[in-house]
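Thanks for coming. Please have a look at the model on the screen, and then I will go through a few parts of it.

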Amino acid sequence: MEIGDWKSVAGMAETYRTARELGIETNIAELEAFGFTVIPPEKTGAPRDIASRMLDTLLDMARKEDELAVELNKHSDAEKPAYGRQFFHLLQRDPVFIDATMNPAVRTMAAYMMGQSYRLFSMVAFYKEGTARSTHMHCDCVGVPPPLPAYSTVCNVSWVLTPYREETGTFGMVPGSHRLCRHPTQFEQPQFIGGMLENDNVVPINAEPGSLVVFTGNTWHCTYPKTADGVRAHVATAFCRNFIAPAEDYSDVPDGVLERGGPELARLVGRKAWQGYGESGPKLENMALVRAAYQTQYG
Ligand SMILES: O=C(O)CCC(=O)C(=O)O
Ligand SMILES: [Fe+2]
């Protein structure tokens, strides 16, 4: 059907029309039905080498970065949320991460889930070498008490950089869990992680490098134990609603990064946020940018 600029869903029409143009309308249907979807490389519109460029950059970081520069690495493996290494604050570490954030399919899925006033929440690489234990079942709504808002407050759009299969430690998703509006309990860890949830409630994501795994912040997910050798990595580009405090502090993003990304990147990293003011108070024009979110969850 033809989609007009309907007032009662203000903010959705443009996002939905863009999704149609990009050929990712069925991905929205899958996301609604199951809580997650996979956009294959050919539908992202990104250059073919985007995944290998990101992976090469991470391999370089893995060689050069002092592991103890990352706070989590000061803790034992058992205490850490995920096995292996994570690389944080990526946006300004290589231009490829700017392109990955500004990709139209990424932004359309983010705007669909978080409304048009969406913000960048974090950009983090999950990098594992050799065999690896599972990451526990969780959802990405860190610090949000139940009941989680039925519309999510955060979402995850992840660039897959290496082949994702069960044996390479891919994501395990619980289809439909996005409707439960709560975090999994300790009894809802899958049997393959030592819990009581029957394994067939969890499904592995199969995805080629350059794919996007997209899921809501309410969707329960874990990872399968990695039994295969070699590197396995994805870059999670996470977005949030305008009223959520982003996980990363973007105040140090250099002007050159904002120039490459354009005005929308500046907005995504909070340069137009109404929050964060001092004695001069908030700017009316910045407050106006979130006004549509008062009316609908798509604004
Ligand atoms: O790769 C992992 O170990 C965990 C990934 C994850 O939970 C995420 O991207 O949200
Ligand atoms: Fe997660």
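The buried residues of α4 pack against β2 (85–87), α5 (95–102), β3 (119–129), β4 (154–160) and β9 (231–240). Before going on, the ground rules. This is a predicted model, where local features need pLDDT of at least 70, side-chain atom pairs count only at pLDDT 80 or more, and totals for chains, interfaces and linings use all residues. Residues are numbered from 1 along each chain as its sequence is written, and chains are lettered from A and ligands numbered from 1 in the order in which they are written.

Helices (H or I, at least four residues) and strands (E, at least two) are DSSP runs, numbered from the N terminus. Contact between two residues means C-beta atoms, placed from the backbone, within 7 Å. A residue is buried with 20 or more other C-beta atoms within 10 Å of its own, exposed with 12 or fewer, and partly exposed in between.

Back to α4. Which residues of α4 are buried? They are I50, A51, M54, L55, T57 and L58. Seen down the axis of α4, these buried residues fall within an arc of 160 degrees, so they line one face of the helix; the arc is that of the directions from the helix axis to the C-beta atoms. On the face turned away from the buried side, α4 carries the exposed residues D60, R63 and K64.

Next, the ligand. Around ligand 1 are A82, F126, T135, D140, N156, S158, H221, T223 and A236, where near means a C-beta atom, placed from the backbone, within 6 Å. At least two residues of this shell come from each of β4 and β8 (221–223).

β8 also belongs to an open sheet of 3 strands, in the order β6-β5-β8, with antiparallel pairing. β6 (203–204) and β8 stand at the edges, each with a single partner strand, so one side of each has no neighbour in the sheet. Pairing requires that DSSP finds at least two bridges between the strands. β5 (residues 171–173) and β6 pair in the antiparallel sense over 2 bridges, and G172 stands opposite P204 in β6.

Last, H234, which is found in strand β9. Is H234 buried or exposed? H234 is buried, because 30 other C-beta atoms lie within 10 Å. Leaving out residues up to four places away in sequence, H234 touches F126, S158, W159, V160 and L161. Between the C-alpha atoms of H234 and L284, 50 residues apart along the chain, the separation is 39 Å.
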